[in-house]
Amino acid sequence: MGFVKTAEEVKEIQKLLADGRFTTEGVTVEFETTPEFVRSVLAPCFEPAETPTAYANISRWQSAMCGEFECAIVFLRCRYKEHEGTTMLWILVSGDMPVTIGREMWGEPKKTGNAQVYMDGHEFYGFAERNGTRLIEISAEFGENIGPVTFESLDFELKATPHVSGYGLQDDVILTCMQNREDYRVRREGQATLKLAGTPWDPLDTIPVVSVGKAYYSQGDSSWIVPWFDRLPDPDAYLPFIYGQKYDDFRLFPVAPRYRKGQNNG
């Protein structure tokens, strides 16, 4: 249990990381955006889906690997080669280990923030908040439970590491295929209102919402494993997407006066 793990402890840790298991409760709202927006934010390896479908999710999770956390996600439907699935444009979670594992191991664009879900009978309200701004708000009304139900899907994420010099990427960009299986004991369908706000750090307000579709309330188990991954060519082509989606804009952080002067002189 100290600073250096035994061989047996390493084995136990790796088994947990290879088998991502969670319980979850939350709401997902389907919405239509524009083809132009989808194409503008998808990295070169992806193709848009037939329809510009996106999803906003607010949820809370208990895991078998990195503790409890709150979560909010904006997914886009896309294609990678012959595979159909989603990719996460933006994801917020509470807690440093959920951020670390999601971004460093799988390549998810995770940032730290807070989310809350409130269910009162058939009425739901939830929000996701970061740096003092409520970026997603969902209000919904749901029908009766239609569970249990099971779903399987694919999610594609880009794993990349900035170079130690500060210029470019350290290694290849890895396309991670994440196979998701959801076993819900509770599943409700309904209608929702969706509000997206934004800041320079998290520009969710730039996502066009053309129309809002069905909303889904779910409780149950969710598992995430990686059946395969690809190494992608031309890592420099991915830099605008890596810096734009996986990290805050480093130019926006407060700067000491001496460095501001240096920037102005440069």
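The lining of the largest cavity draws at least two residues from each of β4 (68–80), β5 (83–93) and α3 (96–106). Among these elements, α3 is the main contributor to the largest cavity, giving 4 residues to the lining. The structure is a predicted model. The space in the largest cavity comes to about 160 Å³. Its lining consists of 17 residues, and those closest to the centre are Phe22, Phe69, Ile91, Glu108 and Lys110. Under the rule applied, the structure holds 2 cavities of 30 Å³ or more.

Helix α3 has several buried residues, namely Pro98, Val99, Ile101, Gly102 and Trp106. The residue that follows α3 is Gly107, which has a positive phi near 95°. Glu108 then lies in the loop between α3 and β6 (110–112). Glu108 counts as buried because its relative accessible area is 3%, under the 20% cut-off. Leaving out residues up to four places away in sequence, Glu108 touches Met88, Gly102, Arg103, Glu157, Met178 and Lys246. One of these, Gly102, is also among the buried residues of α3.

Two of the residues closest to the centre of the largest cavity, Glu108 and Lys110, are also joined to each other by a salt bridge, with the closest N and O atoms 3.2 Å apart. Lys110 has a relative accessible area of 6% and therefore counts as buried. Glu108 is likewise buried, at 3%.

The whole structure contains 16 salt bridges. A further example is formed by Arg181 and Glu152, whose closest N and O atoms are 3.0 Å apart. This pair links distant parts of the chain, since Arg181 belongs to strand β11 and Glu152 to strand β10 (residues 149–159), 29 residues apart. Arg181 is partly exposed, with a relative accessible area of 35%, and Glu152 is exposed, at 55%.

Another salt bridge joins the side chains of Glu189 and Lys214, at 3.0 Å from N to O. It too links distant parts of the chain: Glu189 is in strand β11 and Lys214 in strand β12 (residues 211–232), 25 residues apart. Glu189 is partly exposed, with 33% relative accessibility, and Lys214 is also partly exposed, with 40%. Elsewhere, salt bridges connect Lys111, Arg130, Asp202 and Asp248 in a network.

Arg187 is another charged residue of strand β11, which spans residues 173–196. Arg187 is buried but has no salt bridge. Glu189 has its salt bridge with Lys214 instead. The side chain of Arg187 does make a polar contact, at 2.7 Å, with the side chain of Ser218. Apart from neighbours within four places in sequence, the residues in contact with Arg187 are Glu144, Asn145, Ile146, Gly147, Val149, Phe151, Tyr216, Tyr217 and Ser218.

The largest pocket holds about 620 Å³ of space. Its lining is made up of 28 residues, with Thr28, Ser153, Asn180, Glu182 and Tyr184 nearest the centre. Two or more residues of this lining come from each of β1 (20–32), β3 (53–63), β4, β5, β10, β11 and β12. Strand β1 gives the most to the lining of the largest pocket, with 6 residues.

Towards the end of the description stands Lys261, found in helix α5 (residues 257–265). Lys261 counts as exposed because its relative accessibility is 57%, over the 50% cut-off. The C-alpha atoms of Lys261 and Val10 are separated by 48 Å, and the two residues are 251 residues apart along the chain.

Terms used:
Residues numbered from 1 in each chain as written. Predicted model: local features only at pLDDT ≥ 70, side-chain atom pairs only at ≥ 80, totals over all residues. Heavy atoms only, no water. Buried < 20%, exposed > 50% of the residue type's maximum accessible area, 1.4 Å probe, protein only. Lys, Arg positive; Asp, Glu negative; His and termini not counted. Salt bridge = Lys/Arg side-chain N within 4 Å of Asp/Glu carboxyl O. Polar contact = N/O pair within 3.5 Å; in protein donor to acceptor, adjacent residues only side chain to side chain. Contact = heavy atoms within 4.5 Å. 1 Å grid on protein atoms, 1.4 Å probe; cavity = no way out; pocket = protein on both sides within 12 Å on 5 of 7 lines; lining within 4 Å. Points joined across faces, edges and corners; volume = space filled by probe spheres on them.
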